[in-house]
Amino acid sequence: MSTKYPHVYDPFTIRGVLFKNRLQQAPPGCFFAGDERGFVTEKFVNYFRQYARGGVAICTVGNCSIDITESCDEPGQLQLSSPDCVQPLKLFAEMCEVYGAHGSLELTHNGKDTAPEKIGRAAYSCSSFITKAEENRAKALGRDPVPTEAMTREHIHRTVEKYARAAGFCKDAGLKMCMVHGAHGNLIAQFASPYFNKRTDEYGGSMENRARFACEILDAIRARVGEDFVIEYRISADEIHPDQMHLDETIEFIRYIKDKIDILHVSAGLHDLWGEPFYMRHLLSNYTMERMLNVKYAAAIKEAFPELFVSVVGAIKDPAMAEEIIAAGKADMVAMNRALHADCDMPKKYAEGRQWEHMPCLRCRCFRMASPHTAKLCSVNPMWGRFAEYPEGRLPQAPVRKKVAVIGGGPAGVEAVKDLLQRGHDVTLYEKSGRIGGRIHDACGAPFKNDLRDYLQYMQDFIANCGVKVRLNTEATPELLSQEHYDAVIAAVGSDPVMPKVPGWDKPNVFWAPEAENGRVPCGENVVIIGGGSVGTEASISLAMEGKRCTVVEMAQQVDLMGNGSSGDLERLSDQYGVTRLLGWALEEIRDGSVVIRQGETGLTRQLPADTVLMAVGMRPRRQEAMQFAHVCPETSFFIVGDAYASGDIRDAVFHAFEAVRYL
């Protein structure tokens, strides 16, 4: 039994249903879900098996439609309109119970957010209006915007019964609970919000009236499922949008539903990918944002309603954070999703005292859930989503144990070590510096890079505890490795920064951007950063936070910033701290105290003041350095991985190493 996290691993009972701990899988989308009818499949069950096996108390399936003919916005959604869904759903319920977990479905009607093209008619909502998302969609498709259709009383009553019917199907399948989705601007939230709800009947106007739809749904569900079934209700404590629901209104709303629910699941923000995605970032936070960002809302709700059992979600990354939250009385349970993508076995690892083995989420690209059509699903966990190949979440033992050298202690090298050890090989890691981490030490200098610092700590802790033989401060050479007679060699020797050879590139005030960002070199007051990708942008923000006057110069007219969901936030931070971004300009010359840049379209030149010039224009793979080891083992068992092969990000390095060694 764990004693380090006593609150997290404390079982509890609601309505006679036993929950083994306080960790919940927050509802992901349903990309691995239904067949063409929207029913559970074996693939669906095996996808969720990863999490049930890993130790959570609840596995929640997201976005399950109570009526797929009206609410349809995601491929592979489960639909709960027909009794034929029950028999397949039993497979999911039984699988969860085998591992001591409970399966739960998030019952959803998204109202305004279904595109007319999906259902062949206008979307339904509490009132008639045209959303920003519909305006954008109509413009993209070359048609007129279609306003939502206000639901009649009769339609409302039918919808209430659809929720009850869906919950009943859950119970008929053997599930002990369900989640009612009242968050993120879905239909129930549209009724609750005065921003959308302009009705003048008993469903509009006062908060009591606007909460009526939710109350009728919850009463109908209870009447259908009885007293031995747990009802969880998901809510956006604050929708963030300036004109929509905020915490004080939410607390008022909760007064009407609190006696009708068993668990209140606290989230925030709006699901608004097509309209104003800024508000969606609060339910899918990125690495520039605060951690545990919804805990303050959960704590306020818990203070207002101490009798409520509260679960909270949002950038809660591990059981240590969960312990802090629950012990402080800010919530009773913690939900995670992307953190479990990164490490499905995280609950089990912490309970067993194997925290050092936990792979932390970077909050980088996957958001709720990456598309199954994308080969690289999670930056730190190359097995995520590959449950058919690796049902136990680990590599199988190799038929022959080999002696393997790994050169380089960066992300690719550490991933190679982990996978080789799982295969049962005898592994030695060579690192010429005195520390594990490689270029991650350079990349995590910005104050907002806490998630990356977690990953650096993971790399160091893993190598210290995994049992690999480590040779720090040892530069591998062909002669040294030849003496050891290795069966295989993995060269993960990294890359070097590119320093453009423009006039003045070798002046003493010219550095690689991360060197200045991390305080290893002196930096003047006027700083020009060459390169507007994520490396240059993060360095400019970090230095601007220290009071430097920073200008970013980038040749391209547009910059994707890795497409990791943080691009908008990096730009906002740039604006907040006064960083100047010049796109479409190239560096011509570095002079004493200034740089000359040229605009690509017009050929115009400008001179910018520059006490310090920082380069962030890319990395050069150390491929030639790696090639010297090609003949110190059987040549077909020599691999170059990570940045040494082709410069990229952590995900590229991890996946490249994994693919290279998983059959070795």
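Predicted model: local features only at pLDDT ≥ 70, side-chain atom pairs only at ≥ 80, totals over all residues.

**Stop one: Ser82.** Select Ser82, and you land in the loop between strand E4 (58-65) and helix H2 (86-98). Ser82 has 18% relative accessibility, so with the buried cut-off at under 20% it counts as buried. Now show what surrounds it: setting aside neighbours within four places in sequence, Ser82 is in contact with Phe39 and Phe169.

**Stop two: charged pairs.** Side chains of opposite charge can pair when their charged atoms come close. The count for this model comes to 51 salt bridges; here are a few to click on.

- Pick Lys258 and Asp259, whose side chains form a salt bridge at 3.4 Å, N to O. Asp259 is exposed at 67% relative accessible area, while Lys258 is partly exposed at 21%.
- Next, select Asp343 and Lys349, which meet in a salt bridge at 2.8 Å, N to O. Asp343 is buried at 2%, and Lys349 is buried too, at 7%.
- Then go to Arg662 and Glu389, with their closest N and O atoms 2.9 Å apart in a salt bridge. Arg662 sits in the segment after helix H22 (650-661) and Glu389 in the loop between helix H13 (346-351) and strand E13 (403-407), so this pair ties together parts 273 residues apart in sequence. Arg662 is buried at 9%, whereas Glu389 is partly exposed at 42%.

**Last stop: a network.** Select Arg439, Asp442, Asp496, Arg520, Arg620, Arg622 and Glu625 together: salt bridges with shared partners join them into one network.

Methods: Residues numbered from 1 in each chain as written. Heavy atoms only, no water. Helix = DSSP H or I, 4+ residues; strand = E, 2+ residues; numbered from the N terminus. Buried < 20%, exposed > 50% of the residue type's maximum accessible area, 1.4 Å probe, protein only. Contact = heavy atoms within 4.5 Å. Salt bridge = Lys/Arg side-chain N within 4 Å of Asp/Glu carboxyl O.
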